[in-house]
Amino acid sequence: MYTSNVNKKQKSGGLGYLLVGAGAAVWWLSKEENRSKLDSLISQAKQKLSSSPSSNESSPIQKAGDSHSIDVPDHKMVGEGSQFAVDYYNKKQK
């Protein structure tokens with residue numbers, strides 16, 4: 001009998017927190033200034049998510065097969081990768 005009462009209190013406690021949080025959100029959004037802040041934050045987030053990469057930044061898919069001579073980090077990565085493959089092959093042969 002005692003344990004069922006404790007479980008009931010635990011379940012209603014979560015609902016209470018949810019209701020308090022919803023009430024706080026309604027109170028905060030009741031001011032026009034806060035609604036406009038939230039609207040601008042949402043629009044900025046949408047822009048960041050939907051924006052395409054800038055011309056200075058190219059994605060790896062766009063760079064694939066088109067190595068530029070001035071792209072030193074890319075050449076370094078390719079060089080390190082090929083060294084690993086050669087070392088692995090040499091160890092397998094021995």
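A salt bridge is a side-chain nitrogen of Lys or Arg within 4 Å of a carboxyl oxygen of Asp or Glu, and with that rule in hand I looked up how many the structure holds and found two salt bridges.

**Entry: what I am reading**

I note that this is a predicted model, in which local features need pLDDT of at least 70 and side-chain atom pairs count only at pLDDT 80 or more, while totals for chains, interfaces and linings use all residues. Residues are numbered from 1 along each chain as its sequence is written, and side-chain values use heavy atoms, with hydrogens and water left out.

**Entry: confidence and outline**

I looked up pLDDT, the predictor's confidence in each residue, from 0 to 100, and found a mean of 75 for the protein, with 54% of its residues at 70 or more. I counted four helices and zero strands, where helices (H or I, at least four residues) and strands (E, at least two) are DSSP runs, numbered from the N terminus. Along the sequence I read the pattern α-α-α-α.

**Entry: surface and burial**

I wrote down that accessible areas come from the Shrake-Rupley method with a 1.4 Å probe, and that for residues only the protein chains shown count as cover. The protein exposes about 9000 Å², and carbon and sulfur atoms supply 61% of this area. Buried means under 20% relative accessible area, exposed over 50%, and partly exposed in between (1.4 Å probe, protein chains only); of the 94 residues in the protein, buried ones make up 3%.

**Entry: the two salt bridges**

I recalled that side chains of opposite charge can pair when their charged atoms come close. Glutamate 32 pairs with arginine 35, and their closest N and O atoms are 2.5 Å apart; both residues lie in helix H2, three residues apart, which is about one turn of the helix. Glutamate 32 counts as exposed because its relative accessibility is 53%, whereas arginine 35 is partly exposed, with a relative accessible area of 36%.

Glutamate 33 forms a salt bridge with lysine 37, where the closest N and O atoms are 3.7 Å apart, and these two also lie in helix H2, four residues apart, about one turn of the helix. I found glutamate 33 exposed at a relative accessible area of 53%, and lysine 37 partly exposed at 42% relative accessibility.

**Entry: serine 36**

I placed serine 36 in helix H2, and its relative accessible area of 40% is why I list serine 36 as partly exposed. The side chain of serine 36 reaches the backbone oxygen of glutamate 33 at 2.7 Å.

**Entry: a nonpolar patch**

Patches are made of residues with over 30% relative accessible area and no salt bridge, with like charges joined within 9 Å and nonpolar side chains (Val, Leu, Ile, Met, Phe, Trp, Tyr) within 5 Å. I found a nonpolar surface patch of about 410 Å², made by Trp27, Trp28, Leu38 and Ile42. Helix H1 (2–29) and helix H2 (32–50) are the elements that give two or more residues to this patch. Leucine 38 lies in helix H2 and is partly exposed, with a relative accessible area of 31%.

Notes
A polar contact is a pair of N or O atoms within 3.5 Å; within protein, one must be able to donate a hydrogen and the other to accept it, and residues adjacent in sequence count only if both atoms are side-chain atoms.
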